[in-house]
Amino acid sequence: MEARSSSSAAAVPPPPSIPSSSDQGVWADVSPLLAAACCDLQDGELVHGENFSLFAAMSALEIMDPKMDSGIERSRYNSVEEAIEDGVAPIPLSLDRTLDVQRSIDVMDHLFSCEATWHKGHTLAQTVFTCIYLMRMERTSSHAVLNSFCRILRATCNAVISVVSTARTHEEEDLFTMSFGLPLRDEGDEKCLSILNSVEETISRQLRACKAQALSKKKTLEGLESLQDNPDLEEDYCRALLCRLRFRKHFYHVVMCMRKPHGRGLELARKHVASCLTELNLMLKSREFLKSQSSTTLQQGDGNCTTASGCQPVGFDVSLNSRLLSPTPPRAVKVLSWSDAIRYFERLLHDLDVICTSSLDPVLENVLYFIVQFQKTVPDLVPRAFLQTLLVQDGKLYGEHLFSDVISRALSLPDIIGDKEFQMNEFVVQLGQLVVNLIKILCTNTAWQRRKLGKSLQDWSTISIQLELALKREFGETRNVLQNENMCMRVSKQLLIWTQEHAYWVAFRFLTLGFELDLYSPGEYCMVYWYMYVVLTKLIEKMQLRVLAISETSRRKGKKKKDHSKDSARDITFSSSCLLLQCYLLLSEGLSMMLAVLRNESRSFQLPSIFNTEQERFMQHFDLLLKARVPEHISFYSFKESSSRAGISDLVKYNFFKEIQKIAPSLRGSFASESEKLAEVRRIEQVAEHNRIALNIINQVGAGDPSLRVSFEFTHHPHFAVAVVKRS
């Protein structure tokens, strides 16, 4: 296999098997390179070239990927009725009443695993609705336990689809919300809770009777019909059924409470989340009993068990829908194991609980910080959809605050909150829509988020230019805050500064996400940290200008003492935020200079490539930022000029890492009550300390010493590397 690379060298006659080309191209045999790569590749790995990644190659296909190329498994039946006639989904599930209860629990457990698999991005038709009891719900009317469970499961699925569709995060997993004509709604579904409560009460009475029987040592239960025929097993089966039914009830409540407008149901949702976690724990405890009662000959392998008992459930056909529903992908999905499903729901409930802790703070800076912190745990599709629907409702923040008011609050202009003229201002309307889009983008998965942030920069840049032109047109070229400027001029200037500040914030987020997606190679760290330094410089500058403008506005209004105390608290917050960004700036500048010194003096971190040049890699990573002119007058030549001048003496003289250690104590005091920010300060300190020590070693040994080996690891912070120095 051969690849082609353009070159200015003299033309070399191609091999006879390759037709000659009219341009000055050079053919190179890459077969040895591919053979070496194949030897190093493990199952599930792909070749990651400098100019190729899955992020860039949107149409890449991984053979045997369970979602993209999982093959076909044919169903034995042409219709649901044919499967029912063959006894696939019997009612009752067994003539033996004890086995009927056991099989009912197996059906519940498998549906639980199917639901988790659906949440991970597969279709309803190939997961939850592989259950024939759900496809023909009327058949379960005589089986109260199964009927109540299936009804509330279907209602829950329908509610989750509604949330994900509203948030439009389903674009990431485009099959998630497709119903394929499945029976997702029924007239009796609105009564699913009352039906479930009735069944739960019946089993609860039975459990209480079992406990009373154990105390009185009676052999029979008077006035109550047992669930199954073995009195010694009655209590354990009651417990196993109850925890599963109660989990479904509480999870339904969680979904419905979190859908309430204006965040009114969050407090109640947290209580139901706690109840769900309790029931999950009880489900795990029931596993040992259920395994002991199952037939070992029917058990699946431990890694593939989709039920607590380990038995294969009745009533399912994995590929029946692929024959019945033409749009359904012709594949049989591998369902998550029951243990994995338990872990998924524990994680889901934890994420939903974090969302419920939201203070519903209308301050945009705090909203953006909350989303970024939430995204650090890499939540799945469903919790991100719930977060977005909480934040943006009917075009308002939390469904209550107009985004024009949110912007006005960020500018500290309380006198014009609610002012129709301000709300209808063309730029305010556009900025409000940009903020809505920004919140929605931040709620998507990491790869989508980065790509969309890069594209949104063009919008932020465009409106910034328009604002600046309008300001010059209305008020001339004066850029300083003057004593005689009116309120309109001050608002326009603050709006411009605020817009530019958020453009740089988006750019900084765009750059840091590249580390989380592993888009940068070590040879590119120098340019990335240099660009981060440039962006952070502008971001801090705009933030300080905004604080100055707000302080000037407050002074002119002659605020009362009470108002001044509020301003002082806000100024402290701004100051702390600026100091934290200053730490990021010092880390970026220090790492960029350290890498530049190593490149200049030891020629390390200069990875030669026959495919693309350093300038091409620079354009690939920062093209979206350069097109948006964020910041202005920045180019590859600016980077080359800056990095080529870096020397070890300057790096030691301006010890950026030591400066961070001077700032950190004040930040620890400012963030004493904020655990997440305090932890971030500690991480920054660790990176600074390790790099300070590494810098001292490099200085003592000499950056050009051939025995010196320097590598960079992200052991303490996801975005800022630590230099590891060794001598060979």
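Predicted model: local features only at pLDDT ≥ 70, side-chain atom pairs only at ≥ 80, totals over all residues.
Let us start with the charge over a ring at Tyr 369: Lys 677 lies over its face, at 4.7 Å from the ring centre. The term applies if NZ of Lys or CZ of Arg is within 6 Å of the ring centre and within 35 degrees of the ring normal. Likewise, Arg 451 lies over the face of Trp 448, here at 5.6 Å from the ring centre.

Residues are numbered from 1 along each chain as its sequence is written, and side-chain values use heavy atoms, with hydrogens and water left out.

I turn now to the aromatic pairs. The structure holds 28 of them. Rings of Phe, Tyr and Trp (its six-membered ring) pair if their centres lie within 6.5 Å; planes under 30 degrees apart count as stacked, over 60 as edge-to-face and the rest as tilted.

Phe 112 and Phe 345 are a stacked pair, with 4.7 Å centre to centre and 25 degrees between the planes. Because Phe 112 belongs to helix α3 (residues 97–119) and Phe 345 to helix α10 (residues 338–356), the pair ties together parts 233 residues apart in sequence. Helices here are DSSP runs (H or I, at least four residues), as are strands (E, at least two), numbered from the N terminus. Both Phe 112 and Phe 345 are buried, meaning under 20% relative accessible area with a 1.4 Å probe, protein chains only; exposed is over 50%, and partly exposed in between.

Finally, one aromatic cluster includes Tyr 529 and Phe 720, both of them buried.
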